[in-house]
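Try each task before reading its solution.

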Amino acid sequence: MSKSDRPSDISFRKTWDRAEYAQKAANREASQKEESKARFEAKSLGQKYHHPPRASTAPEDAKETISRQERLDVAANVGKTTLVPAGASATGKRGRGAGFYCQDCDLTFKDNLQFVDHLNSKQHLSNTGQSGE
């Protein structure tokens with residue numbers, strides 16, 4: 001390819017602000033230096049270093065996770081017979097089917113262990129408006 005055949009417009013390429021990235025690198029190095037100093041001081045005092053807490057990513061209207069006031073009654077249906085409509089088990093987890101049903105997430109679980117794990121999951125906590133922290 002000769003010089004005349006090459007495209008002359010290269011404005012589509014990304015340009016990097018070297019000063020901005022130099023500043024970011026300097027900030028990162030300074031924070032790493034502070035952390036290593038804090039680790040050294042903690043080690044010299046015979047303590048364990050802990051990271052400072054980070055800012056929460058939860059939305060402002062999220063409430064803190066609270067403990068349950070009553071026990072989960074998963075044994076209430078033991079020995080009982082429940083009629084399940086035809087085709088209800090073929091829907092997968094979404095929707096009401098045979099098993100343990102979570103109204104907040106619209107999910108059905110086949111056994112109580114999956115259901116309890118779901119009640120403690122991030123998906124369920126966010127659907128109920130709790131932050132999970």
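**Exercise 1.** How far is the sulfur of C105 from the closest cysteine sulfur, and which residue holds that closest sulfur?

*Solution.* Keep in mind that this is a predicted model.
- Step 1: Look for the partner. The closest cysteine sulfur to that of C105 belongs to C102, 3.8 Å away.
- Step 2: Compare with the cut-off. A disulfide needs the two sulfur atoms within 2.5 Å, so 3.8 Å is too far for a bond.
- Step 3: Check the whole structure. A search there finds zero disulfides, and C102 is in none, with the sulfur of C105 as its nearest cysteine sulfur.

**Exercise 2.** Find out which residues make up the largest nonpolar core.

*Solution.* 
- Step 1: List the members. The core has six residues: C102, C105, L107, F109, F115 and L119.
- Step 2: Beyond its neighbours within four places in sequence, C102 touches L107, F115, H118 and H124.
- Step 3: In soluble globular proteins, nonpolar side chains tend to be buried together.

**Exercise 3.** Describe the aromatic pairs by distance and angle.

*Solution.* 
- Step 1: Count them. The whole structure has two aromatic pairs.
- Step 2: Take W16 and Y21. Their ring centres are 5.5 Å apart and their planes meet at 65°, so this pair is edge-to-face.
- Step 3: Take F109 and F115. This pair is tilted, with 6.3 Å from centre to centre and 50° between the planes.
- Step 4: W16 counts as exposed at 56% relative accessibility, and Y21 as partly exposed at 38%. F109, at 4%, is buried, and F115 counts as buried at 12%.

**Exercise 4.** Is H124 buried or exposed, and which residues does H124 contact beyond its neighbours within four places in sequence?

*Solution.* 
- Step 1: Locate it. H124 sits in helix α3, residues 122–127.
- Step 2: Judge its exposure. Buried means under 20% relative accessible area, so H124, at 8%, is buried.
- Step 3: Name the contacts. Apart from those sequence neighbours, H124 is in contact with C102, D104, C105, H118 and L119.
- Step 4: Pick out a polar one. The side chains of H124 and H118 are joined by a polar contact of 3.4 Å.

How values were computed. Residues numbered from 1 in each chain as written. Predicted model: local features only at pLDDT ≥ 70, side-chain atom pairs only at ≥ 80, totals over all residues. Heavy atoms only, no water. Helix = DSSP H or I, 4+ residues; strand = E, 2+ residues; numbered from the N terminus. Buried < 20%, exposed > 50% of the residue type's maximum accessible area, 1.4 Å probe, protein only. Polar contact = N/O pair within 3.5 Å; in protein donor to acceptor, adjacent residues only side chain to side chain. Contact = heavy atoms within 4.5 Å. Core = buried A, V, L, I, M, F, W, Y, C linked by side-chain atoms within 4.5 Å. Phe/Tyr/Trp six-rings, centres within 6.5 Å; stacked < 30°, edge-to-face > 60°.
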